[in-house]
Amino acid sequence: MNALAHCYNIADLREAARRRLPKGVFEFVDRGTEDEVALRNNRAAFERIKLRPRSLVDVSRRSMQTTLFGKPVGMPLAIAPTGAAGLCWYHGELELAKAAAAAKVPFTLATGAMTSMEEIAKEAGGRLWMQLYLWNERRYSYELIKRAENAGFEALILTVDTVVSPNREYNPRNGFNLPFHPNVRAISDMLAHPRWLAGVLTRYLTTTGMPRYENLPEQFRRKITADPSQKEITRQDTMDWEDVKRLRDLWPRILMVKGIMQPDEAVRAVEYGADAVIVSNHGGRNFDSAMASIDALPDIVEAVGDRATVILDSGIRRGSDIAKALALGAKAVLVGRATLYGTAVAGQAGALAALNLLGGELDKTMAYTACNTIDEIGPDLLYLPRDRNRMGLPETALA
Ligand SMILES: Cc1cc2nc3c(=O)[nH]c(=O)nc-3n(C[C@H](O)[C@H](O)[C@H](O)COP(=O)(O)O)c2cc1C
């Protein structure tokens, strides 16, 4: 049976992914950190925000097409960097990148991906962004930047919200930490998911071998089962603003800083030459006390003004969430898990299904709020109750 046949929304894709993936892989993708407060709150924050429907406007020619950094996109969305697509599906990053190209949205390759940036650039087509973790031994990161430039990547995204490794307690409990040293629990978990075992792991082992971190410097390009031999490419707790300056000098194309939640930091990033800030709490995966990024967005939009592009991620599961982010001032959103679930269910077709579901829902939201174009999605769509506290939005969102 077609695995996508009964997937009518992202929650259905998540459920199908849960059935297909070993528990260790699924939880690595799906869960948050510590008590998962931030993860739940990302959704709660979106659900708190209400839109005011509008009618009696001809919306029959509405379109989700817009521009991002001056170039057309099929909808105001890009694929977030996630280091796990290659575990969800055989060469999952390439599948995801091809789906993005088909939907005319940019794809971001993570530093920790299992497909090399050169292969993505050669095979995927479409607009490609590269995510960077800045290692304590900077020269290795600079090598990676040079490779991304040579491979033709359009943008570099510096992630700044992962200075230490988060407490994802379920990973060791599942026997699924990286480096991956399968224990009895992990092995029986994999054996209990024969479709994944045959279609993903065995396929790797019988073709290209155990997946490796293909974007690491050659001497560190280890298998996911190998221990990191060098601390200089695992730690990143020395990063500071001088690094943003330095990256601006090194990288000639679009530069974004991802993981910003403070308005003054957003302004500083722009002053140091960033073309965009990505307001994000890493999908609730890193710091469990972090506020929802959608709650941080209005103050950042106000502080940045029209000096740079503001993008939002963390918690997008419905097309209406995209409209809410745009109404609060974001130019676009990134999606992480939504398309990973799709990739886990059916590779490229599954990732594309996720994008089409989100797009279809955004289209309906536009119809219900009488927006013919993406630019018409503005703050006037937000429902502002007289009792402002009921909505729980920051004051600036209500101004
Ligand atoms: C499995 C997984 C791996 C991720 N890996 C990275 C990464 O390597 N670099 C990064 O900047 N963000 C990473 N992220 C965070 C995403 O880029 C994004 O911020 C987050 O997924 C957005 O939230 P959402 O999943 O609710 O859409 C990862 C997220 C997931 C789910």
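This note goes through the predicted model point by point, from the whole chain down to single residues.

1. **Ground rules.** This is a predicted model, where local features need pLDDT of at least 70, side-chain atom pairs count only at pLDDT 80 or more, and totals for chains, interfaces and linings use all residues. Residues are numbered from 1 along each chain as its sequence is written, and side-chain values use heavy atoms, with hydrogens and water left out.

2. **Overall build.** The chain holds 16 helices and ten strands. Both are DSSP runs, numbered from the N terminus: helices are H or I with at least four residues, strands are E with at least two. The C-alpha trace spans about 60 × 55 × 40 Å along its principal axes.

3. **Radius of gyration.** This value is taken over C-alpha atoms, and the globule rule is 2.2 Å times the number of residues to the power 0.38. For 399 residues, a compact globule would come out near 21 Å. The chain has 20 Å, which agrees.

4. Of the 399 residues, 57% are buried. Buried means under 20% relative accessible area, exposed means over 50%, and partly exposed is in between (1.4 Å probe, protein chains only). Now take the contacts (heavy atoms within 4.5 Å). Among those with a separation of 6 or more, 72% are between residues 24 or more positions apart.

5. **Surface and charge.** The accessible surface is about 16900 Å², and 51% of it belongs to carbon and sulfur atoms. Areas come from the Shrake-Rupley method with a 1.4 Å probe; for residues, only the protein chains shown count as cover. There are 51 positive and 48 negative side chains. Lys and Arg count as positive, Asp and Glu as negative; His and the chain ends are not counted. The centres of the two sets lie 5 Å apart. Each charge is placed at NZ of Lys, CZ of Arg, CG of Asp or CD of Glu.

6. **Salt bridges.** How many salt bridges does a search of the whole structure find? It finds 22. The term means a side-chain nitrogen of Lys or Arg within 4 Å of a carboxyl oxygen of Asp or Glu.

7. **Arginine 48 and aspartate 295.** These side chains form a salt bridge at 3.0 Å, N to O. Arginine 48 lies in helix α3 (residues 37-48) and aspartate 295 in helix α13 (residues 293-304), so the pair ties together parts that are 247 residues apart in sequence. Arginine 48 is partly exposed at 31%, while aspartate 295 is buried at 11%.

8. **Aspartate 363 and arginine 62.** Here the salt bridge is 2.8 Å, N to O. Aspartate 363 sits in helix α15 (residues 337-368), and arginine 62 in the loop between α3 and β1 (66-68). The two are 301 residues apart, so this pair also links distant parts of the chain. Both partners are partly exposed: aspartate 363 at 21% and arginine 62 at 27%. Elsewhere, salt bridges that share partners join Glu15, Arg18 and Arg19 into one network.

9. **Glutamate 27.** This residue is found in helix α2 (residues 23-30). Is glutamate 27 buried or exposed? At 13% relative accessibility, glutamate 27 counts as buried. Its side chain meets that of arginine 31 in a salt bridge at 3.1 Å, N to O. Arginine 31 is partly exposed, at 23%. Glutamate 27 also touches Tyr170 and Asn174, not counting residues up to four places away in sequence.

10. **Helix α14.** This helix (residues 319-327) is mostly covered, with eight of its nine residues buried. Among them are Asp321, Ile322, Lys324 and Leu326. Their cover includes α3, α13, α15 and the strands β3 (77-79), β9 (309-312) and β10 (332-335). After α14 comes glycine 329, whose phi is positive, near 110°.

11. **Leucine 381.** Its place is the loop between α15 and α16 (395-398). Leucine 381 counts as buried, at 0% relative accessibility. Leaving aside neighbours within four places in sequence, its contacts include Lys50, Leu51, Ala327 and Cys371. Leucine 381 and glycine 347 are 34 residues apart in sequence and 36 Å apart in space, C-alpha to C-alpha.

12. **Glycine 199.** This residue is in helix α10 (residues 194-206) and is partly exposed, at 28%. Its C-alpha is 6.9 Å from that of tyrosine 90, 109 residues away along the chain. Beyond its neighbours within four places in sequence, glycine 199 is in contact with Tyr90 and Pro194.
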